[in-house]
Amino acid sequence: MPLSDPDQRMLLHDVADRLNTVADHLPLPDQIRPDPALSEILDDEVRRLARLLGFLAGESAFRHRAAARSPARPTTLALASAAEPTGLALAALSSAVHHLGHLADLAHQAPGPARDRAITTEHQRLGDRLGDSRIYLARAAKHLRAAADTRTPPAATAVPSLSTTTTPSRSR
């Protein structure tokens with residue numbers, strides 16, 4: 001059964017909210033500490049984002065198959081279009097995990113200027129990838145909200161004005 005226009009708008013806003021929630025859970029550059037807590041955050045958000053990407057792909061495929069029976073093409077296109085920046089956000093988080101791993105490894109190496117430079121570089125790259133992920137998530141959420149907000153709202157039933165209503169005749 002196809003979703004009504006309000007349901008489709010609500011779906012797009014819900015997915016946008018979920019994307020924004022992932023972005024909100026990512027630490028800001030001044031909050032980045034190469035410790036186990038960051039590993040846990042990345043683990044949680046990579047899983048959450050992977051599920052969202054899977055949902056976008058699955059919902060797009062389902063709606064594409066049902067396109068002949070449903071007028072929901074704009075919703076299908078919006079969900080499919082959000083998959084690209086969501087996938088890029090997931091790739092950026094994957095890269096952040098990689099840089100966090102390098103930071104953990106560097107912590108166990110002998111101190112020295114080369115190690116300090118490498119730590120600074122990896123920390124910067126980690127922050128950049130987390131920032132990239134937030135940017136991609138914001139882009140996907142913005143796209144979904146714009147698609148939801150440009151959908152045609154259902155026509156409201158007009159309440160007849162007093163001047164156009166007929167009053168019953170009192171003549172008998």
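## Helices α1 and α4

Helices α1 and α4 are roughly antiparallel to each other, because angles over 145 degrees get that label, while those under 35 count as roughly parallel, 65 to 115 as roughly perpendicular and the rest as oblique. Their axes cross at roughly 165 degrees and come within 8 Å. Helix α1 covers residues 5-25, and α4 covers residues 113-150. Axes here are lines fitted to C-alpha atoms, for helices over the stretch in contact, and angles run from 0 to 180 degrees between N-to-C directions.

Which residues meet? On the α1 side they include Leu12, Val15, Ala16 and Leu19. On the α4 side they include Leu137, Ala141, Leu144 and Ala148. By class, this contact has 13 nonpolar, two polar and five charged residues. Nonpolar covers Ala, Val, Leu, Ile, Met, Phe, Trp, Tyr, Cys and Pro; charged covers Asp, Glu, Lys and Arg; the others, Gly among them, are polar.

## The model and the whole chain

This is a predicted model, in which local features need pLDDT of at least 70, side-chain atom pairs count only at pLDDT 80 or more, and totals for chains, interfaces and linings use all residues. Residues are numbered from 1 along each chain as its sequence is written, and side-chain values use heavy atoms, with hydrogens and water left out.

The chain has four helices and zero strands. From the N terminus, the order is α-α-α-α. Helices (H or I, at least four residues) and strands (E, at least two) are DSSP runs, numbered from the N terminus. Of the 172 residues, 33% are buried. Buried means under 20% relative accessible area, exposed over 50%, and partly exposed in between (1.4 Å probe, protein chains only).

Now take the contacts with a separation of 6 or more: 80% of them join residues 24 or more positions apart. A contact means heavy atoms within 4.5 Å. The accessible surface of the chain is about 10,800 Å², and carbon and sulfur atoms hold 58% of it. Such areas come from the Shrake-Rupley method with a 1.4 Å probe; for residues, only the protein chains shown count as cover.

## Helix α3 and its partners

Helix α3 spans residues 73-106. Its axis lies 8 Å from that of α4, at an angle of about 165 degrees. The pair is therefore roughly antiparallel. The crossing of α3 and α4 is left-handed. Their contact has 21 nonpolar, eight polar and five charged residues.

Helix α2 also packs with α3: the axes come within 9 Å and cross at roughly 155 degrees. So α2 and α3 are roughly antiparallel too. Their crossing is left-handed. The residues of this contact divide into 17 nonpolar, seven polar and three charged.

## Two buried residues

Leu49 sits in helix α2, residues 36-65. Its relative accessibility is 0%, so Leu49 counts as buried. Beyond its neighbours within four places in sequence, Leu49 contacts Leu19, Val22, Thr86, Ala89, Leu90, Leu93 and Leu137. Thr86 is 37 residues away from Leu49 along the chain, yet their C-alpha atoms are separated by 7.6 Å.

Leaving aside neighbours within four places in sequence, Glu122 touches His99, His102, Leu103 and Leu106.

Terms used: Left-handed = near helix turned anticlockwise from the far one by under 90°.
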